[in-house]
Amino acid sequence: MEDQVHDHLRNLNIYKSMGPDEMHPRVLKELADIIGKPLSIILENSWQSGKVPGDWKKGNIVPIFKKGRKEDPGNYQPVSLSSVPGKVIEQMVPEPMQRPMEDREVIRDSQHGLTKGKSCLTNLVAFYDGVITSVYKARAMEVIYPNFCKTFDTITHNILPSKIERYGFDGWTVWRMRDWLDSQIQRVVINGLVSSWRLMTSGIPQGSILGRVWFNIFSNDIESEIACTLRNLADDSKLSSVVNKHEGQNGIQRDQA
């Protein structure tokens, strides 16, 4: 475990921003040989106790401009800057989780985002394969692009643990995940000005490593009640269906609702 921590520290991107604990990745990288052992001890204690250090639950929310008028707050993407040592540990947590998820086929094939071995390209290839097959058979296809607004921000903290239990993860994983979500606090930082801390009652921090795993599990059952074909890239979705019959049009509208 200590060797893994050392490797992650040595591979840190020194140009990334630091979190509320003000531990800069450049310093952590240069001192990897010194702080690797104590950080691995913290990780071991965290795994055994199921408790996450409080500093790793804090996040500085920085607004990143997207497009449009800069005076409009809606044109900014909030990004959570959390503890760099916490992110180092987070990179190690999903690895042992990924194997049982793959063995049990927890994540559906329709999800291409935030998933190992899949990407925007595999999403497009799978989608166009269905479209081309339909065209060759002279069948019309209708496609709807559902808009899931603020998906990462609306994930309910009390529902997510129950979903993880349902997929057969061990009690320790569920317990540690509950502790990770509990007492998550954030503050907004703009041009050196800092707001007061606020408790997160829903949502997962965007930019966190574990957040990607939890999001896929939370949204995994979205297609359990639909008959059409769904392709997801994280929270961007495409719903498609052959509509050569009137029933097909009604079906895709029903699934969208």
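Reader: At what angle do helix α1 and helix α3 pack, and how far apart are their axes?
Author: In this predicted model, helix α1 (residues 2-10) packs against helix α3 (residues 32-49) at an angle of about 125°, and their axes lie 8 Å apart. That angle makes α1 oblique to α3, and the crossing of the two helices is right-handed.

Reader: Which residues make that contact?
Author: From α1 the contact is made by E2, V5, H6, L9 and R10, while α3 contributes A32, D33, I35, G36, K37, L39, S40 and L43. Sorted by class, the contact of α1 with α3 has six nonpolar, three polar and four charged residues.

Reader: And what about α3 and α8, are they roughly parallel or roughly perpendicular?
Author: Helix α8 covers residues 171-181 and packs with α3 at an angle of about 110°, with the axes 9 Å apart; α3 and α8 are therefore roughly perpendicular to each other.

Reader: Which residues of α3 and α8 meet there?
Author: On the α3 side these are S46, W47, Q48 and S49, and they meet W172, W175 and R176 in α8. By class, this contact of α3 with α8 has three nonpolar, three polar and one charged residues.

Reader: Switching to the whole chain, how many helices and strands are there?
Author: The protein chain has ten helices and eight strands, and of its 257 residues 39% count as buried.

How values were computed:
Residues are numbered from 1 along each chain as its sequence is written. This is a predicted model: local features need pLDDT of at least 70, side-chain atom pairs count only at pLDDT 80 or more; totals for chains, interfaces and linings use all residues. Side-chain values use heavy atoms; hydrogens and water are left out. Axes are lines fitted to C-alpha atoms, for helices over the stretch in contact, and angles run from 0 to 180 degrees between N-to-C directions. Helices (H or I, at least four residues) and strands (E, at least two) are DSSP runs, numbered from the N terminus. Angles under 35 degrees count as roughly parallel, over 145 as roughly antiparallel, 65 to 115 as roughly perpendicular and the rest as oblique. A crossing is left-handed if the near helix is turned anticlockwise from the far one by less than a right angle, and right-handed if clockwise. Contact means heavy atoms within 4.5 Å. Ala, Val, Leu, Ile, Met, Phe, Trp, Tyr, Cys and Pro count as nonpolar, Asp, Glu, Lys and Arg as charged, and the others, Gly among them, as polar. Buried means under 20% relative accessible area, exposed over 50%, partly exposed in between (1.4 Å probe, protein chains only).
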